Amino acid sequence: MSSQTTPTALEAELKSLRERVMGIAESVVATADGLLVAADTATVHAESAAALSAAMLGLGQRTANEVGLGGLRDVVTRCNGGYTVVLAIGDRALLMILGDEGLDIAALHRESPATIHRLAELLGMTPADLTTA
Amino acid sequence: MTGEPGLDTPSAPPAAHSVPDLLLTLRQARFTGSVLVSGTPGGTIRLEQGLVTAVETPGAPAVETLLLKSGRIGEAQWAAAEAAAGSASPGGRPADLGAVLVAQGAIGAAELETVCAAAVFDGAFALALGRPGSWQAAEADLPARIALRPGVEPGRLSEETARRVSLLTRLGSPPRELAAVRIRPSAQAGTAVARTSARHRDILVAATGRRTARDLAFALGRGVFAVMLDLVRMDAGHLLHREPATAAPGVPSVAPRTPPSGPPPISDGPLPRRIRGEQPLGAAAARTGTPAQGALSAPAEPTAAHEKSEKNAR
(Lines give C-alpha, C1' and ligand atoms only; values in the text may rest on other atoms or scores of the structure.)
Protein backbone atom coordinates (compact mmCIF):
# COMPACT_ATOMS: atom_id res chain seq x y z
CA MET A 1 0.00 0.00 0.00
CA SER A 2 1.15 3.48 -0.65
CA SER A 3 0.98 4.36 3.03
CA GLN A 4 3.90 2.00 3.56
CA THR A 5 6.15 3.68 1.00
CA THR A 6 8.24 6.79 1.15
CA PRO A 7 5.97 9.74 1.85
CA THR A 8 5.32 11.77 -1.22
CA ALA A 9 4.49 15.42 -1.39
CA LEU A 10 0.84 14.49 -1.71
CA GLU A 11 0.98 12.18 1.28
CA ALA A 12 2.77 14.83 3.28
CA GLU A 13 -0.06 17.23 2.47
CA LEU A 14 -2.63 14.65 3.62
CA LYS A 15 -0.68 14.02 6.81
CA SER A 16 -0.48 17.74 7.45
CA LEU A 17 -4.25 18.04 7.08
CA ARG A 18 -4.73 15.14 9.49
CA GLU A 19 -2.56 16.90 12.06
CA ARG A 20 -4.31 20.22 11.64
CA VAL A 21 -7.91 19.02 11.89
CA MET A 22 -8.96 17.10 14.97
CA GLY A 23 -10.70 13.86 14.18
CA ILE A 24 -9.34 13.10 10.71
CA ALA A 25 -8.21 9.48 10.71
CA GLU A 26 -7.39 8.67 7.10
CA SER A 27 -7.57 10.24 3.67
CA VAL A 28 -7.22 9.35 0.01
CA VAL A 29 -6.58 11.32 -3.17
CA ALA A 30 -8.06 9.74 -6.28
CA THR A 31 -8.76 10.65 -9.85
CA ALA A 32 -12.30 11.63 -10.77
CA ASP A 33 -12.75 8.17 -12.25
CA GLY A 34 -11.72 6.45 -9.04
CA LEU A 35 -8.08 5.50 -9.47
CA LEU A 36 -5.87 5.83 -6.40
CA VAL A 37 -3.26 8.59 -6.56
CA ALA A 38 -2.08 8.92 -2.96
CA ALA A 39 -3.24 7.66 0.40
CA ASP A 40 -2.73 8.39 4.09
CA THR A 41 -4.48 5.29 5.35
CA ALA A 42 -4.10 2.78 8.14
CA THR A 43 -7.07 0.42 8.08
CA VAL A 44 -9.21 1.24 5.07
CA HIS A 45 -8.44 -0.34 1.70
CA ALA A 46 -7.22 2.70 -0.19
CA GLU A 47 -8.13 1.53 -3.69
CA SER A 48 -11.69 0.66 -2.67
CA ALA A 49 -12.07 4.00 -0.93
CA ALA A 50 -10.80 5.75 -4.07
CA ALA A 51 -13.29 3.95 -6.29
CA LEU A 52 -16.21 4.57 -3.93
CA SER A 53 -15.34 8.23 -3.42
CA ALA A 54 -15.44 8.85 -7.17
CA ALA A 55 -18.89 7.27 -7.33
CA MET A 56 -20.04 9.34 -4.33
CA LEU A 57 -18.79 12.57 -5.83
CA GLY A 58 -20.37 11.83 -9.20
CA LEU A 59 -23.72 11.07 -7.59
CA GLY A 60 -23.46 14.15 -5.43
CA GLN A 61 -22.76 16.39 -8.41
CA ARG A 62 -25.63 14.94 -10.41
CA THR A 63 -27.94 15.27 -7.43
CA ALA A 64 -26.89 18.89 -6.93
CA ASN A 65 -27.67 19.61 -10.58
CA GLU A 66 -31.01 17.84 -10.39
CA VAL A 67 -32.32 19.54 -7.26
CA GLY A 68 -31.12 23.01 -8.21
CA LEU A 69 -29.53 23.87 -4.91
CA GLY A 70 -26.43 25.32 -6.49
CA GLY A 71 -23.00 23.80 -6.95
CA LEU A 72 -21.83 20.86 -4.88
CA ARG A 73 -19.54 21.66 -1.95
CA ASP A 74 -18.83 18.26 -0.52
CA VAL A 75 -20.46 14.88 -0.01
CA VAL A 76 -20.77 13.85 3.63
CA THR A 77 -21.66 10.38 4.91
CA ARG A 78 -22.54 10.23 8.59
CA CYS A 79 -22.05 6.80 10.17
CA ASN A 80 -22.44 5.57 13.73
CA GLY A 81 -18.68 5.63 14.15
CA GLY A 82 -17.74 8.72 12.18
CA TYR A 83 -17.88 10.55 8.89
CA THR A 84 -16.63 10.34 5.34
CA VAL A 85 -16.26 13.60 3.43
CA VAL A 86 -15.55 13.75 -0.31
CA LEU A 87 -14.33 16.99 -1.87
CA ALA A 88 -13.56 17.70 -5.51
CA ILE A 89 -10.07 18.82 -6.53
CA GLY A 90 -10.84 20.61 -9.76
CA ASP A 91 -12.83 18.40 -12.10
CA ARG A 92 -10.23 15.67 -12.50
CA ALA A 93 -9.40 14.55 -8.96
CA LEU A 94 -10.92 14.30 -5.49
CA LEU A 95 -10.08 14.02 -1.83
CA MET A 96 -11.82 11.60 0.53
CA ILE A 97 -11.49 12.12 4.27
CA LEU A 98 -12.44 9.62 6.98
CA GLY A 99 -13.04 11.06 10.42
CA ASP A 100 -14.29 9.86 13.79
CA GLU A 101 -17.45 11.08 15.53
CA GLY A 102 -15.57 14.01 16.95
CA LEU A 103 -14.41 15.29 13.54
CA ASP A 104 -13.97 19.05 13.87
CA ILE A 105 -16.19 20.01 10.95
CA ALA A 106 -15.64 23.73 11.48
CA ALA A 107 -11.88 23.27 11.31
CA LEU A 108 -12.26 21.04 8.26
CA HIS A 109 -14.25 23.73 6.46
CA ARG A 110 -11.60 26.26 7.43
CA GLU A 111 -8.60 24.17 6.38
CA SER A 112 -9.86 22.23 3.38
CA PRO A 113 -9.85 25.01 0.73
CA ALA A 114 -6.11 25.64 1.17
CA THR A 115 -5.42 21.91 1.19
CA ILE A 116 -7.46 21.40 -1.97
CA HIS A 117 -5.53 24.26 -3.58
CA ARG A 118 -2.14 22.77 -2.68
CA LEU A 119 -3.18 19.28 -3.76
CA ALA A 120 -4.31 20.74 -7.08
CA GLU A 121 -0.94 22.41 -7.52
CA LEU A 122 0.86 19.16 -6.72
CA LEU A 123 -1.31 17.41 -9.28
CA GLY A 124 -0.26 19.96 -11.86
CA MET A 125 -3.57 21.77 -12.15
CA THR A 126 -3.80 25.45 -12.90
CA PRO A 127 -6.00 27.88 -10.93
CA ALA A 128 -8.35 27.87 -13.92
CA ASP A 129 -8.89 24.13 -13.42
CA LEU A 130 -10.03 24.77 -9.87
CA THR A 131 -12.46 27.58 -10.58
CA THR A 132 -14.33 25.57 -13.18
CA ALA A 133 -15.10 22.88 -10.63
CA MET B 1 -27.65 33.95 18.46
CA THR B 2 -29.54 35.83 21.08
CA GLY B 3 -27.09 36.31 23.86
CA GLU B 4 -27.93 38.34 26.89
CA PRO B 5 -26.78 41.90 26.56
CA GLY B 6 -23.27 42.14 27.81
CA LEU B 7 -22.74 38.41 27.67
CA ASP B 8 -22.59 37.80 23.97
CA THR B 9 -19.59 40.02 23.40
CA PRO B 10 -16.66 38.10 24.80
CA SER B 11 -14.21 40.90 25.32
CA ALA B 12 -16.66 43.47 26.65
CA PRO B 13 -17.59 42.39 30.20
CA PRO B 14 -14.58 42.97 32.41
CA ALA B 15 -15.81 40.25 34.76
CA ALA B 16 -15.19 37.42 32.27
CA HIS B 17 -11.53 37.15 31.29
CA SER B 18 -11.91 33.45 30.73
CA VAL B 19 -14.50 30.78 30.17
CA PRO B 20 -14.41 29.64 33.84
CA ASP B 21 -15.04 33.24 34.90
CA LEU B 22 -17.91 33.53 32.48
CA LEU B 23 -19.41 30.27 33.78
CA LEU B 24 -19.28 31.56 37.36
CA THR B 25 -21.03 34.74 36.27
CA LEU B 26 -23.65 32.74 34.42
CA ARG B 27 -24.15 30.50 37.46
CA GLN B 28 -25.03 33.55 39.53
CA ALA B 29 -27.47 34.63 36.83
CA ARG B 30 -28.91 31.08 36.73
CA PHE B 31 -28.42 31.15 32.99
CA THR B 32 -29.95 28.44 30.80
CA GLY B 33 -28.53 28.03 27.32
CA SER B 34 -25.12 27.42 25.81
CA VAL B 35 -21.68 28.93 25.78
CA LEU B 36 -20.04 28.54 22.37
CA VAL B 37 -16.27 28.44 22.65
CA SER B 38 -14.23 28.90 19.50
CA GLY B 39 -10.67 27.70 19.26
CA THR B 40 -8.86 24.43 18.64
CA PRO B 41 -10.71 22.55 19.80
CA GLY B 42 -13.75 24.70 20.30
CA GLY B 43 -16.92 23.35 21.79
CA THR B 44 -20.30 23.99 23.29
CA ILE B 45 -20.93 24.12 27.04
CA ARG B 46 -24.58 23.50 27.92
CA LEU B 47 -25.98 25.19 30.98
CA GLU B 48 -29.22 24.77 32.93
CA GLN B 49 -29.76 27.19 35.80
CA GLY B 50 -26.06 27.93 35.49
CA LEU B 51 -25.09 24.30 36.08
CA VAL B 52 -23.05 22.55 33.39
CA THR B 53 -25.12 19.71 31.94
CA ALA B 54 -22.97 18.79 28.94
CA VAL B 55 -19.76 19.77 27.16
CA GLU B 56 -19.60 18.98 23.47
CA THR B 57 -16.21 19.28 21.79
CA PRO B 58 -14.24 17.58 19.04
CA GLY B 59 -11.50 17.20 21.66
CA ALA B 60 -13.23 14.55 23.76
CA PRO B 61 -15.74 11.76 23.17
CA ALA B 62 -19.35 12.73 23.78
CA VAL B 63 -21.74 10.58 25.80
CA GLU B 64 -22.95 8.99 22.56
CA THR B 65 -19.42 7.85 21.66
CA LEU B 66 -18.72 6.62 25.18
CA LEU B 67 -21.90 4.54 25.12
CA LEU B 68 -21.63 3.17 21.58
CA LYS B 69 -17.88 2.59 21.20
CA SER B 70 -17.59 0.90 24.55
CA GLY B 71 -20.42 -1.44 23.60
CA ARG B 72 -22.61 -0.42 26.55
CA ILE B 73 -25.38 0.31 24.07
CA GLY B 74 -25.84 -1.32 20.67
CA GLU B 75 -26.42 0.64 17.48
CA ALA B 76 -29.92 -0.81 17.12
CA GLN B 77 -30.86 0.21 20.66
CA TRP B 78 -29.49 3.66 20.00
CA ALA B 79 -31.48 4.07 16.79
CA ALA B 80 -34.64 2.89 18.53
CA ALA B 81 -34.17 5.43 21.32
CA GLU B 82 -33.55 8.23 18.81
CA ALA B 83 -36.74 7.35 16.99
CA ALA B 84 -38.72 7.29 20.23
CA ALA B 85 -37.22 10.54 21.48
CA GLY B 86 -37.99 12.32 18.23
CA SER B 87 -41.63 11.25 18.14
CA ALA B 88 -42.32 11.66 21.84
CA SER B 89 -43.26 15.31 21.62
CA PRO B 90 -44.75 16.25 18.27
CA GLY B 91 -44.12 19.86 17.44
CA GLY B 92 -42.18 20.50 20.60
CA ARG B 93 -38.62 19.87 21.60
CA PRO B 94 -37.43 16.30 21.26
CA ALA B 95 -37.54 14.33 24.48
CA ASP B 96 -34.35 13.81 26.44
CA LEU B 97 -32.56 10.91 24.79
CA GLY B 98 -31.07 9.77 28.09
CA ALA B 99 -34.49 9.41 29.70
CA VAL B 100 -35.68 7.38 26.71
CA LEU B 101 -32.64 5.08 26.91
CA VAL B 102 -33.35 4.46 30.58
CA ALA B 103 -37.07 3.95 29.95
CA GLN B 104 -36.28 1.42 27.22
CA GLY B 105 -33.98 -0.46 29.57
CA ALA B 106 -30.91 0.10 27.42
CA ILE B 107 -28.93 1.42 30.37
CA GLY B 108 -29.47 1.98 34.07
CA ALA B 109 -30.14 5.51 35.28
CA ALA B 110 -27.16 5.47 37.62
CA GLU B 111 -24.79 4.18 34.96
CA LEU B 112 -25.99 6.78 32.47
CA GLU B 113 -25.51 9.52 35.04
CA THR B 114 -21.96 8.32 35.68
CA VAL B 115 -21.15 8.35 31.97
CA CYS B 116 -22.72 11.80 31.52
CA ALA B 117 -20.73 13.24 34.41
CA ALA B 118 -17.54 11.68 33.10
CA ALA B 119 -18.20 13.22 29.69
CA VAL B 120 -18.74 16.68 31.24
CA PHE B 121 -15.45 16.56 33.16
CA ASP B 122 -13.57 15.09 30.21
CA GLY B 123 -14.97 17.66 27.80
CA ALA B 124 -13.95 20.50 30.11
CA PHE B 125 -10.48 18.98 30.38
CA ALA B 126 -10.21 18.79 26.57
CA LEU B 127 -11.35 22.41 26.21
CA ALA B 128 -8.67 23.45 28.70
CA LEU B 129 -6.01 21.83 26.50
CA GLY B 130 -6.96 23.89 23.46
CA ARG B 131 -5.70 27.28 22.57
CA PRO B 132 -8.15 29.82 23.95
CA GLY B 133 -10.37 31.51 21.43
CA SER B 134 -13.39 33.71 21.84
CA TRP B 135 -16.69 32.68 23.39
CA GLN B 136 -20.27 33.79 23.45
CA ALA B 137 -23.37 32.83 25.35
CA ALA B 138 -26.56 31.90 23.53
CA GLU B 139 -29.90 31.45 25.23
CA ALA B 140 -31.93 30.12 22.36
CA ASP B 141 -30.02 26.88 21.81
CA LEU B 142 -31.79 23.58 22.24
CA PRO B 143 -30.65 21.65 25.31
CA ALA B 144 -28.20 18.78 24.92
CA ARG B 145 -29.80 15.55 23.75
CA ILE B 146 -28.21 13.69 26.63
CA ALA B 147 -27.56 15.85 29.65
CA LEU B 148 -26.45 15.45 33.23
CA ARG B 149 -29.26 16.64 35.50
CA PRO B 150 -28.67 18.42 37.73
CA GLY B 151 -25.44 19.62 36.18
CA VAL B 152 -22.05 20.27 37.71
CA GLU B 153 -21.24 23.48 39.57
CA PRO B 154 -18.91 25.47 37.29
CA GLY B 155 -16.55 26.12 40.19
CA ARG B 156 -16.18 22.42 40.84
CA LEU B 157 -15.67 21.79 37.14
CA SER B 158 -12.77 24.22 36.83
CA GLU B 159 -11.23 22.92 40.08
CA GLU B 160 -11.31 19.38 38.76
CA THR B 161 -9.91 20.46 35.40
CA ALA B 162 -7.03 22.25 37.11
CA ARG B 163 -6.41 19.17 39.27
CA ARG B 164 -6.22 16.95 36.20
CA VAL B 165 -3.82 19.26 34.38
CA SER B 166 -1.56 19.57 37.40
CA LEU B 167 -1.66 15.83 38.13
CA LEU B 168 -0.42 14.97 34.64
CA THR B 169 2.16 17.75 34.80
CA ARG B 170 3.40 16.40 38.14
CA LEU B 171 3.71 12.94 36.59
CA GLY B 172 6.03 14.41 33.98
CA SER B 173 3.64 14.72 31.04
CA PRO B 174 2.14 18.19 30.74
CA PRO B 175 -1.16 17.35 29.03
CA ARG B 176 -0.88 20.05 26.39
CA GLU B 177 2.33 18.44 25.16
CA LEU B 178 1.02 14.91 25.61
CA ALA B 179 -2.03 15.82 23.52
CA ALA B 180 0.14 16.43 20.45
CA VAL B 181 2.08 13.17 20.73
CA ARG B 182 1.26 10.20 18.55
CA ILE B 183 1.80 6.87 20.24
CA ARG B 184 2.79 3.40 19.20
CA PRO B 185 3.93 0.37 21.20
CA SER B 186 7.63 0.25 22.01
CA ALA B 187 9.88 -2.64 21.02
CA GLN B 188 9.56 -4.04 24.55
CA ALA B 189 5.76 -3.97 24.47
CA GLY B 190 5.53 -7.21 22.52
CA THR B 191 7.00 -9.30 25.30
CA ALA B 192 5.34 -7.36 28.09
CA VAL B 193 1.86 -7.46 26.61
CA ALA B 194 0.92 -10.69 28.38
CA ARG B 195 1.54 -9.09 31.77
CA THR B 196 -0.43 -5.91 31.16
CA SER B 197 -4.06 -5.38 32.01
CA ALA B 198 -6.74 -5.69 29.35
CA ARG B 199 -7.22 -1.93 29.51
CA HIS B 200 -3.61 -1.26 28.63
CA ARG B 201 -3.62 -4.03 26.03
CA ASP B 202 -6.52 -2.33 24.21
CA ILE B 203 -4.48 0.84 24.08
CA LEU B 204 -1.44 -1.00 22.74
CA VAL B 205 -3.55 -2.54 19.98
CA ALA B 206 -5.15 0.79 19.06
CA ALA B 207 -1.90 2.78 19.19
CA THR B 208 -0.80 2.74 15.57
CA GLY B 209 1.63 5.63 15.63
CA ARG B 210 -1.04 7.77 13.95
CA ARG B 211 -3.23 8.34 16.98
CA THR B 212 -2.99 10.93 19.70
CA ALA B 213 -4.47 10.40 23.16
CA ARG B 214 -7.65 12.08 21.92
CA ASP B 215 -7.83 9.74 18.91
CA LEU B 216 -7.31 6.72 21.18
CA ALA B 217 -10.11 7.94 23.43
CA PHE B 218 -12.49 8.11 20.48
CA ALA B 219 -11.37 4.76 19.11
CA LEU B 220 -11.85 3.00 22.45
CA GLY B 221 -14.81 4.97 23.81
CA ARG B 222 -12.92 6.16 26.88
CA GLY B 223 -12.17 9.56 28.34
CA VAL B 224 -9.18 11.54 27.12
CA PHE B 225 -7.94 12.08 30.67
CA ALA B 226 -8.26 8.40 31.47
CA VAL B 227 -6.32 7.50 28.33
CA MET B 228 -3.64 10.06 29.18
CA LEU B 229 -3.25 8.63 32.69
CA ASP B 230 -2.91 5.15 31.20
CA LEU B 231 -0.36 6.43 28.70
CA VAL B 232 1.74 7.95 31.46
CA ARG B 233 1.66 4.70 33.44
CA MET B 234 2.45 2.62 30.36
CA ASP B 235 5.24 5.01 29.45
CA ALA B 236 6.76 4.40 32.86
CA GLY B 237 6.59 0.68 32.07
CA HIS B 238 8.49 1.24 28.80
CA LEU B 239 5.53 0.04 26.78
CA LEU B 240 5.20 3.08 24.54
CA HIS B 241 7.10 4.86 21.87
CA ARG B 242 6.21 8.48 21.27
CA GLU B 243 6.28 9.59 17.68
CA PRO B 244 7.85 13.02 17.60
CA ALA B 245 5.41 15.70 16.59
CA THR B 246 6.31 16.70 13.06
CA ALA B 247 4.92 20.19 12.98
CA ALA B 248 3.31 22.47 15.48
CA PRO B 249 -0.43 21.84 15.14
CA GLY B 250 -2.29 24.68 13.56
CA VAL B 251 0.69 25.89 11.56
CA PRO B 252 0.21 24.74 8.00
CA SER B 253 3.46 24.27 6.19
CA VAL B 254 3.63 26.36 3.06
CA ALA B 255 7.27 25.63 2.35
CA PRO B 256 8.04 24.30 -1.13
CA ARG B 257 7.47 20.63 -0.83
CA THR B 258 7.68 19.35 -4.37
CA PRO B 259 10.29 16.59 -4.40
CA PRO B 260 13.18 16.99 -6.87
CA SER B 261 11.58 14.71 -9.41
CA GLY B 262 8.12 16.00 -8.61
CA PRO B 263 4.83 14.50 -9.59
CA PRO B 264 4.49 14.29 -13.32
CA PRO B 265 3.01 17.32 -15.05
CA ILE B 266 -0.46 16.38 -16.05
CA SER B 267 -2.05 19.73 -16.68
CA ASP B 268 -2.80 19.05 -20.32
CA GLY B 269 -2.74 15.29 -20.47
CA PRO B 270 -5.29 12.77 -19.28
CA LEU B 271 -5.67 11.84 -15.64
CA PRO B 272 -2.75 10.09 -13.97
CA ARG B 273 -3.17 6.44 -14.63
CA ARG B 274 -1.70 3.53 -12.84
CA ILE B 275 -0.64 0.24 -14.30
CA ARG B 276 -1.79 -2.74 -12.29
CA GLY B 277 0.87 -3.96 -9.87
CA GLU B 278 2.83 -0.72 -9.73
CA GLN B 279 2.92 1.84 -6.99
CA PRO B 280 0.63 4.84 -7.33
CA LEU B 281 2.05 7.44 -9.65
CA GLY B 282 3.02 10.00 -7.06
CA ALA B 283 4.70 7.42 -4.85
CA ALA B 284 6.81 6.06 -7.67
CA ALA B 285 7.82 9.49 -8.84
CA ALA B 286 8.94 10.74 -5.47
CA ARG B 287 10.71 7.63 -4.29
CA THR B 288 13.90 8.75 -5.98
CA GLY B 289 13.73 12.17 -4.38
CA THR B 290 12.95 12.25 -0.70
CA PRO B 291 14.89 10.20 1.82
CA ALA B 292 13.00 7.63 3.84
CA GLN B 293 11.46 9.30 6.85
CA GLY B 294 8.36 7.18 7.04
CA ALA B 295 6.82 7.14 10.47
CA LEU B 296 4.90 4.02 9.57
CA SER B 297 7.27 2.03 7.46
CA ALA B 298 10.51 2.70 9.31
CA PRO B 299 11.58 -0.04 11.71
CA ALA B 300 11.11 0.63 15.39
CA GLU B 301 13.59 3.15 16.70
CA PRO B 302 13.73 2.51 20.42
CA THR B 303 16.77 4.72 20.86
CA ALA B 304 17.14 8.43 21.27
CA ALA B 305 13.61 9.77 21.15
CA HIS B 306 12.27 7.02 23.34
CA GLU B 307 14.91 7.41 26.02
CA LYS B 308 14.36 11.11 26.02
CA SER B 309 10.65 10.70 26.61
CA GLU B 310 11.39 8.21 29.34
CA LYS B 311 13.55 10.73 31.11
CA ASN B 312 10.89 13.34 30.73
CA ALA B 313 8.38 11.01 32.25
CA ARG B 314 10.28 10.77 35.50
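**Strands, helices and packing**

Modeller: In chain A, strand 3 (residues 75-79) and strand 4 (residues 82-89) run antiparallel and are joined by five bridges. Strands (E, at least two residues) and helices (H or I, at least four) are DSSP runs numbered from the N terminus, and two strands pair if DSSP finds at least two bridges between them. This is a predicted model, in which local features need pLDDT of at least 70 and side-chain atom pairs count only at pLDDT 80 or more, while totals for chains, interfaces and linings use all residues. Residues are numbered from 1 along each chain as its sequence is written, and chains are lettered from A and ligands numbered from 1 in the order in which they are written.

Biologist: Which residue in strand 4 of chain A stands opposite Val75(A)?
Modeller: Strand 3 of chain A and strand 4 of chain A form a hairpin, with two residues between them. Across to strand 4 of chain A, the residue opposite Val75(A) is Val86(A).

Biologist: In what pattern do the helices and strands of chain A follow one another along the sequence?
Modeller: Chain A has four helices and five strands. Read along the sequence, their pattern is α-β-β-α-β-β-β-α-α.

Biologist: How many of the residues of strand 1 (residues 24-31) of chain A are buried?
Modeller: A residue is buried if 20 or more other C-beta atoms lie within 10 Å of its own, exposed if 12 or fewer, and partly exposed in between, with C-beta atoms placed from the backbone. Strand 1 of chain A pairs in the antiparallel sense with strand 5 (residues 93-100) of chain A over seven bridges, and with strand 2 (residues 36-40) of chain A over four bridges. Strand 1 of chain A is largely enclosed by the rest of the structure, because the number of its residues that are buried is eight of the eight.

Biologist: Which residue in the turn between strand 1 and strand 2 of chain A has a positive phi?
Modeller: These two strands form a hairpin with four residues between them. Val29(A) stands opposite Ala38(A) in strand 2 of chain A. In the turn, the residue with a positive phi, of about 90 degrees, is Gly34(A).

Biologist: Is His109(A) buried or partly exposed?
Modeller: His109(A) lies in helix 3 (residues 105-122) of chain A. Its C-alpha atom is separated by 10.0 Å from that of Asp74(A), 35 residues apart along the chain. With 13 other C-beta atoms within 10 Å, His109(A) is partly exposed.

Biologist: What percentage of the 314 residues in chain B do buried residues make up?
Modeller: Chain B has 13 helices and six strands. In chain A, buried residues make up 55% of the 133 residues. For chain B, the value is 39%.

Biologist: How is helix 1 (residues 19-28) of chain B oriented to helix 6 (residues 154-170) of chain B?
Modeller: Two packed helices are described by the angle between their axes and the distance between the axes. Here the axes are 9 Å apart at an angle of about 160 degrees; axes are lines fitted to C-alpha atoms, for helices over the stretch in contact, and angles run from 0 to 180 degrees between N-to-C directions. Angles under 35 degrees count as roughly parallel, over 145 as roughly antiparallel, 65 to 115 as roughly perpendicular and the rest as oblique. Therefore helix 1 of chain B is, relative to helix 6 of chain B, roughly antiparallel.
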